[in-house]
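This briefing is meant for someone meeting the structure for the first time. Please look over the sequence and the model, and then read the notes below, which are grouped by topic.

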Protein chains: 2
Amino acid sequence: MYKGNLDTIILKLLSEHNKMYGYEITQKVKELSQGKINIKEGALYPALHRLKSKGFLEVETLKVDNRLRKYYKLTKNGNKESIVKTAELEEFINTMQLLLNPKFNFK
Amino acid sequence: MYKGNLDTIILKLLSEHNKMYGYEITQKVKELSQGKINIKEGALYPALHRLKSKGFLEVETLKVDNRLRKYYKLTKNGNKESIVKTAELEEFINTMQLLLNPKFNFK
DNA sequence: TCTATATACCTAATCAACTTAGGTATATAA
DNA sequence: TTATATACCTAAGTTGATTAGGTATATAGA
């Protein structure tokens, strides 16, 4: 489970890979997370459509090996959003660390 | 937002404070998180009741300064659960770090 | 040949956990 | 007398996931 961070994960990945298609994203996340995060299709595709409808992603459909692939890439706004969301996730993680390690609160 | 980690936060706090009441938990979390996490009552109280019904918490009602306080403390199973959930949250955070800092994947 | 697995997309129904918004009540500070 | 803090509670609505279903092609194995 990615706990509301799926959009952030997608935006962050796309900020590093120019363009990716849905299935590729699930595999990349699985690889980067050492098998711990397995994005479900029922979460992924609605998320991609949501991000596109918000103007953060643009799509290009290509046929590769007789199969359709929908490549997504960040728009200019998507790039901004990626930076904002990534910063928010980092802050969230730092805050969680404070709760887990209360002794380090005043470090 | 605490993104599905409220139960973990409560269990972890109670593992360090013996007994706490609801309002106290919200204040303590606000303090520890430097104001960033503001637990809503609509989330807190159902969570406390849920954890109690699962046998992880036990309650003692006291009247202090003419106001009721419901003090919660971990049961034996609650203590176990606290350890499990805390470890899960730590692992989740580590996994998120991998996604945020892909260069550190092989450290 | 048939079946399972991988690749590649999609949606609808369901579930869990949150926010919002309402309620009750006492104590204190402006 | 009004707002804020303390202290508890629940119901309705929203969000974002899972589960489970669908379509279709390619490949590996029994």
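Does D7(B) count as buried or exposed? At 12% relative accessibility, D7(B) falls under the 20% limit and therefore counts as buried. The model is a predicted one, and the points below move from the fold of one chain to the interface and then to individual residues.

**Overall build of chain A**

- Chain A holds four helices and three strands, and read from the N terminus these elements follow the order α-β-α-α-β-β-α.
- The C-alpha trace of chain A extends over about 55 × 30 × 20 Å along its principal axes, and of the 107 residues in chain A, 41% are buried.
- When contacts in chain A between residues at least 6 apart in sequence are considered, 49% of them join residues that are at least 24 apart.

**Where chain A meets chain B**

- On the two sides of the interface, 27 residues of chain A are in contact with 27 residues of chain B.
- About 2700 Å² is buried between chain A and chain B, and carbon and sulfur atoms give 70% of this area. On the side of chain A, the residues that lose the most area to chain B are K3(A), L99(A) and L100(A), which together account for 26% of what that side buries.
- Between chain A and chain B the count is two salt bridges, one of which joins K36(B) to E91(A), with the closest N and O atoms 3.8 Å apart. Four residue pairs across this interface are in polar contact.
- Helices α1 (6–17), α2 (22–32) and α4 (76–100) of chain A are the elements that each give two or more residues to the side touching chain B. The largest share, 12 residues, comes from α4(A), and the residues of that side divide into 14 nonpolar, seven polar and six charged.

**A loop residue of chain A that touches both chains**

- I37(A) sits in the loop between α2 and α3 (41–53) of chain A, and it is buried because its relative accessible area is 2%, under the 20% limit.
- Apart from its neighbours within four places in sequence, I37(A) is in contact with Y2(A), V29(A) and K30(A) of chain A as well as with T95(B), M96(B) and L99(B) of chain B.

**Salt bridges within the chains**

- Over all chains, a search of the whole structure finds nine salt bridges. In general, side chains of opposite charge can pair when their charged atoms come close.
- R50(A) and D7(A) form one such bridge, their closest N and O atoms being 3.0 Å apart; it links distant parts of the chain, with R50(A) in helix α3 and D7(A) in helix α1, 43 residues apart. R50(A) is partly exposed at 37% relative accessibility, whereas D7(A) is buried at 12%.
- In chain B, D7(B) forms a salt bridge with R50(B), the closest N and O atoms being 3.0 Å apart. This pair joins helix α1 to helix α3 (residues 41–53) of chain B across 43 residues, and R50(B) is partly exposed, with a relative accessible area of 37%.
- E16(B) and K12(B) also meet in a salt bridge, at 3.2 Å from N to O; both lie in helix α1 of chain B, four residues apart, which is about one turn of the helix.

**Helix α1 of chain B**

- Nine of the 12 residues of α1(B) are buried, so this helix is largely enclosed by the rest of the structure.
- At 1.5 Å a residue, the 12 residues of α1(B) (residues 6–17) should span 16 Å, and this agrees with the 16 Å between its end C-alpha atoms. The helix is followed by N18(B), whose phi is positive, near 60 degrees.
- T8(B), which has its place in this helix, counts as buried at 4% relative accessibility, and it touches K85(B), T86(B) and L89(B) when residues up to four places away in sequence are not counted.

**T75(B), between a strand and a helix**

- T75(B) lies in the loop between β3 (67–74) and α4 (76–100) of chain B, and at 17% relative accessibility it counts as buried.
- The side chain of T75(B) reaches the backbone nitrogen of G78(B) at 3.0 Å, and, leaving aside neighbours within four places in sequence, T75(B) is in contact with G55(B), F56(B), L57(B) and E58(B).

Notes:
Residues are numbered from 1 along each chain as its sequence is written. Chains are lettered from A and ligands numbered from 1 in the order in which they are written. This is a predicted model: local features need pLDDT of at least 70, side-chain atom pairs count only at pLDDT 80 or more; totals for chains, interfaces and linings use all residues. Side-chain values use heavy atoms; hydrogens and water are left out. Contact means heavy atoms within 4.5 Å. Buried area is the accessible area (1.4 Å probe) that two parts lose on being put together, summed over both. A salt bridge is a side-chain nitrogen of Lys or Arg within 4 Å of a carboxyl oxygen of Asp or Glu. A polar contact is a pair of N or O atoms within 3.5 Å; within protein, one must be able to donate a hydrogen and the other to accept it, and residues adjacent in sequence count only if both atoms are side-chain atoms. Ala, Val, Leu, Ile, Met, Phe, Trp, Tyr, Cys and Pro count as nonpolar, Asp, Glu, Lys and Arg as charged, and the others, Gly among them, as polar. The expected span of a helix is 1.5 Å times one less than its number of residues. Buried means under 20% relative accessible area, exposed over 50%, partly exposed in between (1.4 Å probe, protein chains only).
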